[in-house]
Amino acid sequence: MKSNRLLRRGPALALLVAGTLAASMFQIAEAQSKGAIENFTGTTVNVTRAPDSLKIDLLRWSTDAERDQVFTALSGKGEKEFISVLAKQPTLGYIWTSESAGYSVRYAYKMSLPDGGERVVIATDKKLGSWNPQIWKPTGSAAGNSYEFTVLELHLNRRGIGEGKSSLFAKITADNTARTIALENYAAATLVLREVKETRSASSTSPMN
């Protein structure tokens with residue numbers, strides 16, 4: 001009986017794998033054809049499968065109108081509405097891990113820091129590790145959040161080098177001053193990305209706020 005069930009599941013599993021691979025190839029082709037305006041790379045820490053490489057390819061930044069939609073949903077209507085609005089945003093780029101498929105970036109916003117560096121907020125409507133439950137789980141004593149989405153916040157110096165933290169360990173909040181979604185108490189949050197580096201396309205002219 002068990003072997004028969006496995007045989008019946010075989011074609012379905014094959015179709016699922018094929019579909020995931022096809023989607024991944026489409027995402028890669030789209031990113032290459034449109035050309036990323038900015039790239040970020042980093043190495044994971046404090047999560048399972050670390051050290052693992054992570055890459056973000058941005059095709060464009062969120063417009064002010066898109067930013068306001070996402071910010072207003074979180075600040076005025078709560079997490080449920082935030083998730084709904086986030087999922088309806090256009091694809092602005094992709095987050096790549098060692099998983100077979102990437103994650104669509106639904107929110108991308110950057111601000112200047114007082115020291116001349118950058119603060120970058122990236123959000124996807126899926127939880128990192130959705131394609132492979134064995135990765136992106138908390139390690140050590142730190143407890144993880146159960147969000148069904150991921151918010152990454154990167155802090156970079158003037159040379160475009162820095163670190164990153166995520167909603168896996170930090171709660172999300174609405175930053176009323178910058179009018180953006182953000183991680184609550186960033187300084188105290190557990191590190192998830194080290195050796196973060198930014199590479200900007202020569203054609204990128206996006207101003208920082």
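**Reading the terms against the values**

Visitor: Why is T44 called buried?

Guide: T44 has a relative accessibility of 3%, and buried means under 20% relative accessible area, with exposed over 50% and partly exposed in between (1.4 Å probe, protein chains only); T44 therefore counts as buried. The model is a predicted one, in which local features need pLDDT of at least 70 and side-chain atom pairs count only at pLDDT 80 or more, while totals for chains, interfaces and linings use all residues. Residues are numbered from 1 along each chain as its sequence is written, and side-chain values use heavy atoms, with hydrogens and water left out.

Visitor: Where is T44, and which residues does T44 contact beyond its neighbours within four places in sequence?

Guide: T44 belongs to strand β1, residues 38-44, where strands (E, at least two residues) and helices (H or I, at least four) are DSSP runs numbered from the N terminus. Contact means heavy atoms within 4.5 Å, and, with those sequence neighbours set aside, T44 is in contact with A50, P51, D52, W136, V192 and L193. The C-alpha atoms of T44 and L54 are 7.1 Å apart in space, although the two residues are 10 apart in sequence.

Visitor: What makes the bond between A50 and P51 a cis peptide bond, and where does P51 lie?

Guide: The bond joining A50 and P51 has an omega of about 0° and is cis, and P51 is in the loop between β1 and β2, the latter being residues 53-58. R49 is in the loop between β1 and β2 too, and its phi is near 75°, which is a positive value in a residue other than glycine.

Visitor: What does K171 touch, not counting residues up to four places away in sequence?

Guide: K171, found in the loop between β7 (161-166) and β8, touches N145, Y147, A182, L183 and E184. From K171 to Y147 the distance is 9.1 Å, C-alpha to C-alpha, and the two are 24 residues apart in sequence.

Visitor: Why are helices α2 and α3 called roughly antiparallel?

Guide: Helix α2 (residues 64-77) and helix α3 (residues 79-87) pack at an angle of about 165°, with their axes 7 Å apart. That angle makes α2 roughly antiparallel to α3, because angles over 145 degrees count as roughly antiparallel, under 35 as roughly parallel, 65 to 115 as roughly perpendicular and the rest as oblique.

Visitor: Which residues of α2 and α3 meet, and of what classes are they?

Guide: From α2 come Q69, V70, A73, L74 and K77, and these meet E79, E81, F82 and V85 in α3. By class, this contact of α2 with α3 has five nonpolar, one polar and three charged residues, where Ala, Val, Leu, Ile, Met, Phe, Trp, Tyr, Cys and Pro count as nonpolar, Asp, Glu, Lys and Arg as charged, and the others, Gly among them, as polar.

Visitor: Why does V85 count as buried?

Guide: V85, in helix α3, has a relative accessibility of 15% and therefore counts as buried. Apart from residues up to four places away in sequence, V85 touches Q69, V70 and A73. V85 and L74 are 11 residues apart in sequence, and 9.1 Å separates them C-alpha to C-alpha.

Visitor: How many helices and strands does the protein have, and what share of its residues is buried?

Guide: The protein has three helices and 10 strands, and 44% of its 209 residues count as buried. Among contacts between residues at least 6 apart in sequence, 65% join residues at least 24 apart.

Conventions
Axes fitted to C-alpha atoms, helices over the stretch in contact; angles between N-to-C directions.
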